[in-house]
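Subject: Handover of a structure

Dear colleague,

Please find below the structure that I am passing on to you. My findings follow it.

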Amino acid sequence: MAMNPPTSPAFGQRAGSDLIITPSGQPEVPENVFLTTMDSVVSWCRKYSLWPMPFATACCGIELMAVGASRFDIARFGAEVMRFSPRQCDLMIVAGRVAMKMMPVLQRIWLQMPEPKWCISMGACASTGGIFDTYAVVQGVDRFIPVDVYIPGCPPRPEQILRAIMDIQEKVQKGGTTFGNEGLPELRARERYMIAQRDTAPGAGIADERGDEARFGYRIPGGPGRLGLEETR
Amino acid sequence: MSAATAPHAAQAQILATLAAHFGDGVFSISRFRGNLRLFVPKSRLVELLTALKQQCGCTYLAELGAADYLGYPGRTRNRFEVHYVLRNFDTGGSVIVKAGVDDPDPSLPSAYPLWPGADWMEREVFDMYGIRFEGHPDLRRILMPDEFTAFPLRKDYPLRGRGERHNFPKLTRAES
Ligand code: SF4
């Protein structure tokens, strides 16, 4: 993409503006002209104007608010426009535990967000269920919606959230195309994993993630003694 | 009447009124750390609650809850126990009424006609223990989603559930 030289007097009268740079064996590129791809420019625009959807369901949401406030100032990364309508957002930040009653809501909001969209799973609870390994809490939102960046911590420091925004920006720049964000190899691998997971028998897919009690030497009251494969899916 | 003895005196007053009204054999009494507890069979529950409200001045239903004693050491009474904590605002007395119910299909008469505030508390007990309250105007689940089928605070329900928490469609990026 080419950008014309500015025509204001201050720039137009600069002596070097008619200079032609000709690296050997390459096409002629006048000064102040940049060549790049459309995808790259679109991704560059997108990554500095992420509009987050704060899906804040618990204590992590408080930390997310701190990131928006002046001390940490998410606006430095162009992501300060928190919208409470999913139709205006392209970055979902799942901050907090997601109860099983909330999961259909989360999925619906994700579906309502326009493409291209990205998702950050913030904190131990959103990523894995955290300490809430009970019947009511979903053990990681990535089981049911695609997640791009995970933030560890309980709650994560605001700096970690800024780091996650920067990672998303990198991802957008590298993997974005004008029409979507399927470009990144990790995303495609993740997609294949999700599709393969979908057809496994209930309980088989994650059964090996359970039964950590013996390993860590604790027992959950009423827990694993009575659990069968069917009950851990 | 000093402040320290007031609750005890109020309890004695409640017991005297009940004894005059019911005589013996309707409920049994126990005390624990200053709490007065009346155990009553299901058939006399409403009668006792009505008498407490109308004759003993216990106009306030402070709490309604339940417990599941499945596998509790030394337990000889019913599996479930529903408790009603009543207060008399004039004398400061409080009394706890306990009614036991058993599997299958545990049910109790509703306290809603006496205290409309029992509405959501009975719904919660129903939601968590599956104890039905006959005569409740709107006995639906209150915390768990409507399509949930189990009663999660029962002791024979596994802590991690029976897979309900993972019973959702998986959205992939291609589809969303
Ligand atoms: S990870 Fe920690 S801070 Fe975040 S929602 Fe869970 S318990 Fe709260």
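A salt bridge is counted here when a side-chain nitrogen of Lys or Arg lies within 4 Å of a carboxyl oxygen of Asp or Glu. The model is a predicted one, in which local features need pLDDT of at least 70 and side-chain atom pairs count only at pLDDT 80 or more, while totals for chains, interfaces and linings use all residues. Residues are numbered from 1 along each chain as its sequence is written, chains are lettered from A and ligands numbered from 1 in the order in which they are written, and side-chain values use heavy atoms, with hydrogens and water left out.

Salt bridges

Over all chains, the count comes to 16 salt bridges. Side chains of opposite charge can pair when their charged atoms come close. One of these bridges joins B:E47 to B:R44, with the closest N and O atoms 2.8 Å apart. For accessibility, buried stands for under 20% relative accessible area, exposed for over 50%, and partly exposed for what lies in between (1.4 Å probe, protein chains only). On this scale B:E47 is partly exposed at 36%, and B:R44 is partly exposed at 29%.

A salt bridge also forms between B:R79 and B:D103, at 2.4 Å from N to O. B:R79 is in the loop between β3 (60–68) and β4 (80–87) of chain B, and B:D103 is in the loop between β5 (94–101) and β6 (107–109) of that chain, so the pair ties together parts that are 24 residues apart in sequence. Helices (H or I, at least four residues) and strands (E, at least two) are DSSP runs, numbered from the N terminus. B:R79 is buried, with a relative accessible area of 11%, whereas B:D103 is partly exposed at 35%. Both residues belong to a network of salt bridges that links B:D68, B:R79, B:D103 and B:D156.

In a further bridge, the side chains of B:E134 and B:R132 meet at 2.9 Å, N to O. B:E134 is partly exposed at 39% relative accessibility, and B:R132 is partly exposed at 28%.

Aromatic pairs

Rings of Phe, Tyr and Trp (its six-membered ring) are taken as a pair if their centres lie within 6.5 Å; planes under 30 degrees apart count as stacked, over 60 as edge-to-face and the rest as tilted. By this rule there are nine aromatic pairs over all chains. The rings of B:F22 and B:F27 have centres 6.4 Å apart and planes at 90°, so this pair is edge-to-face. B:F22 is buried, at 12% relative accessible area, and B:F27 is buried at 16%. B:Y69 and B:Y72 also form an edge-to-face pair, with 5.2 Å from centre to centre and 90° between the planes.

Chain B as a whole

Chain B has three helices and seven strands. From the N terminus on, its elements run α-β-β-α-β-β-β-β-α-β. Its C-alpha atoms fill a box of roughly 75 × 35 × 30 Å, taken along the principal axes. Of its 176 residues, 48% count as buried.

Helix α3 (residues 60–68) of chain A has the buried residues A:C60, A:G61, A:E63, A:L64 and A:V67. Seen down the axis of α3(A), these fall within an arc of 155°, so they line one face of the helix; the arc is that of the directions from the helix axis to the C-beta atoms. The face turned away from the buried side of α3(A) carries the exposed residues A:I62 and A:M65.

In helix α2 (residues 38–47) of chain A, the buried residues are A:V42, A:S43, A:R46 and A:K47. They fall within an arc of 130° seen down the axis of α2(A), so they too line one face of their helix. On the face of α2(A) turned away from its buried side are the exposed residues A:M38 and A:W44.

The ligand

The ligand is surrounded by residues of chain A, among them A:C59, A:C60, A:R97, A:C125, A:F132 and A:C154. A residue is taken as near the ligand if one of its heavy atoms lies within 4 Å of it.

With kind regards
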